[in-house]
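I opened my notebook to look up a few things in this model and jot them down as I went. Follow along if you like.

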Protein chains: 2
Amino acid sequence: VTDVDAAVERLLQGNRRALGRILTQIENDTPSGRRALSQLYPRSGNAHTIGLTGSAGSGKSTLTGALAREFRRRGKTLGIVAIDPTSPFSQGALLGDRIRMHDLTSDQHVFLRSMATRGNLGGLAPSTAGVVTALDAFGKDVVLVETVGAGQDEVEVAAMADTTVVVLTPGAGDDVQAMKAGIMEIADVLVVNKCDLPNADLFARQLAAIIDAAPGERKTPIIRTASALNEGIGELCAALDEHRAYIEQSGVRESHRREQARHQVLALARQRLIDRLVVTHGKDGRIDELVERVASRALDPHSAADELISE
Amino acid sequence: VTDVDAAVERLLQGNRRALGRILTQIENDTPSGRRALSQLYPRSGNAHTIGLTGSAGSGKSTLTGALAREFRRRGKTLGIVAIDPTSPFSQGALLGDRIRMHDLTSDQHVFLRSMATRGNLGGLAPSTAGVVTALDAFGKDVVLVETVGAGQDEVEVAAMADTTVVVLTPGAGDDVQAMKAGIMEIADVLVVNKCDLPNADLFARQLAAIIDAAPGERKTPIIRTASALNEGIGELCAALDEHRAYIEQSGVRESHRREQARHQVLALARQRLIDRLVVTHGKDGRIDELVERVASRALDPHSAADELISE
């Protein structure tokens with residue numbers, strides 16, 4: 001435990017190895033990880049956290065890379081959390097992608113962390129929140145979180161950030177459908193990537209029409225980029241800065257963070273309650289007994305859950 | 001409440017309107033819905049439940065339609081649960097798709113239910129499980145569940161079924177990456193759809209290599225289909241029947257259902273525990289107080305969760 005405290009101290013002094021070790025503890029939700037977080041959390045809250053989400057094939061990873069370079073050009077230090085398993089930032093990177101990312105991974109002002117989408121012991125959202133807290137406390141100006149995007153879990157992760165960017169591509173015609181189905185609501189900035197594609201104009205106009213029809217005082221900006229050609233990245237950076245200034249001045253940042261805090265505390269409490277239940281009734285055989293009755297169709301799952309918690 | 005019992009009685013006699021009404025109650029997780037489920041659950045367990053998952057653009061919906069027609073040709077009655085918001089089975093269907101689905105939707109031996117991916121009051125997985133139970137108890141031979149597929153939540157839904165089908169397309173090169181990242185593990189049958197595309201051979205060979213390298217006695221079959229051309233659908237149907245026979249004879253079906261029962265009971269218990277916590281400490285202001293301390297960074301979320309449940 002004193003080891004953890006010493007590692008936290010080194011992290012706060014800018015030691016990258018200490019940061020890496022603590023991130024592993026946080027991801028695995030160990031007692032050391034929790035202890036580190038309790039010390040790091042009060043030191044966090046200064047970074048501009050940005051979540052990027054969008055379907056596979058939207059060029060999100062290339063965009064994240066281009067955006068990171070633009071922020072570096074503007075003198076900002078960066079944390080990058082890559083959750084997408086197909087991202088070149090992640091383990092599954094092709095050799096070519098790894099080489100293209102080399103300028104970022106070898107930059108001492110950039111700290112890159114890949115996370116698995118599955119098997120996070122504490123759940124994806126709390127793990128990511130902890131990793132972001134540590135990078136924030138480490139002193140990074142901007143923390144980018146790149147997710148896979150289609151699932152509720154990933155969308156939840158992107159929505160935790162101060163600014164949520166939804167990346168779309170003209171090619172996939174069902175993107176507009178997907179937008180209607182819910183991703184729209186979480187976007188603070190919309191990006192039409194691969195805007196050099198032939199039907200990009202039509203697509204951007206369709207999006208603009210949806211935005212115009214939506215209620216709310218602030219219209220979500222639509223930024224057109226071609227990340228592979230490095231086009232529109234400056235505009236995107238400016239839109240992100242503008243959104244940050246807006247949420248700070250309007251008080252939206254504070255209310256959003258309060259809302260996220262509530263969500264996170266309740267999610268963690270839920271997990272602990274069930275852990276406690278499993279320990280107690282795992283030992284006394286109560287869970288096995290109820291499961292057996294459900295499996296044999298003698299009892300339905302809702303009634304079994306009621307019985308389990310009523311004791 | 002006696003109304004519910006009467007509706008359950010009518011459902012069990014084959015009344016489609018009663019089924020429709022009860023499904024709405026189940027989806028909204030009302031007391032009536034839970035009461036209906038407790039009566040329907042002991043009558044369920046006979047249907048072959050099949051979950052279809054795969055990324056958007058894999059042609060999953062067309063495949064589901066083609067598969068449904070093939071099962072009908074073989075004399076089976078069907079329940080179809082469409083969770084994908086972009087599916088032509090769902091609300092967002094284009095007119096053309098609706099017309100193409102007309103033969104299925106007007107068939108009295110097919111019962112189609114669309115579900116929203118978001119906003120299910122009881123969560124996506126428990127809602128879907130309840131809907132499947134009702135269709136099963138209604139007497140359908142086969143219940144197809146079509147999900148969006150990329151998110152953890154949707155994969156969980158597909159994995160609840162007796163047989164889980166993962167649909168892939170040659171076009172998207174990162175599919176093989178995605179497979180490595182976890183979708184692989186849940187597939188009982190793999191489908192390479194749009195196998196008329198030029199690189200289909202290479203893609204199917206890559207998949208076969210991954211399958212051959214995986215541990216386990218049973219090799220996941222790879223079925224090549226072109227659902228739009230109605231090719232390979234008979235083979236897929238045969239592979240599904242073969243899988244059903246395998247799990248019944250080997251005892252895998254029973255152990256899988258027990259595992260799913262455990263998962264479902266614990267998920268429902270977790271939800272009830274947190275609901276109870278929110279009712280109690282929402283009223284007495286304890287949650288607000290802790291959230292305020294987290295939002296102001298005085299306390300980290302883990303410690304707040306500990307405090308909340310320790311009382």
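Is Arg297(B) buried or exposed? I looked this up first, keeping in mind that the model is a predicted one. Arg297(B) has a relative accessible area of 19%, so I wrote it down as buried, since buried means under 20%. I then checked where Arg297(B) sits, and found it in the loop of chain B between helix H13 (286-295) and helix H14 (301-309). Its phi is near 65°, which is a positive value in a residue other than glycine.

**Another positive phi**

I turned to chain A and noted Asp29(A), with phi near 55°; this too is a positive value in a residue other than glycine. Asp29(A) belongs to the loop between H2 and H3 of chain A. How exposed is Asp29(A)? With a relative accessibility of 24%, Asp29(A) counts as partly exposed, because that class covers values between 20% and 50%.

**The helices on either side of that loop**

Next I looked at H2 (residues 16-27) and H3 (residues 31-40) of chain A, whose axes come within 7 Å and cross at roughly 115°. I therefore noted H2(A) as roughly perpendicular to H3(A). The crossing of H2(A) past H3(A) is left-handed.

Which residues meet there? From H2(A) I listed Ile22(A), Gln25(A) and Ile26(A), and from H3(A) I listed Ser32(A), Gly33(A), Ala36(A), Leu37(A) and Leu40(A). Sorting the residues of this contact by class, I got 5 nonpolar, 3 polar and no charged ones.

I moved on to Thr128(A), which lies in helix H7 (residues 124-138) of chain A. Its relative accessible area is 0%, so Thr128(A) goes down as buried. What does Thr128(A) touch, leaving aside its neighbours within four places in sequence? My list reads Val81(A), Ile83(A), Met115(A), Val145(A), Val157(A) and Met160(A).

**Chain A as a whole**

I counted 14 helices and 7 strands in chain A. Chain A has 311 residues, and 54% of them count as buried; Thr128(A) is buried too, as I noted above.

Taking contacts between residues at least 6 apart, 75% join residues at least 24 apart.

How values were computed: Residues are numbered from 1 along each chain as its sequence is written. Chains are lettered from A and ligands numbered from 1 in the order in which they are written. This is a predicted model: local features need pLDDT of at least 70, side-chain atom pairs count only at pLDDT 80 or more; totals for chains, interfaces and linings use all residues. Side-chain values use heavy atoms; hydrogens and water are left out. Axes are lines fitted to C-alpha atoms, for helices over the stretch in contact, and angles run from 0 to 180 degrees between N-to-C directions. Helices (H or I, at least four residues) and strands (E, at least two) are DSSP runs, numbered from the N terminus. Angles under 35 degrees count as roughly parallel, over 145 as roughly antiparallel, 65 to 115 as roughly perpendicular and the rest as oblique. A crossing is left-handed if the near helix is turned anticlockwise from the far one by less than a right angle, and right-handed if clockwise. Contact means heavy atoms within 4.5 Å. Ala, Val, Leu, Ile, Met, Phe, Trp, Tyr, Cys and Pro count as nonpolar, Asp, Glu, Lys and Arg as charged, and the others, Gly among them, as polar. Buried means under 20% relative accessible area, exposed over 50%, partly exposed in between (1.4 Å probe, protein chains only).
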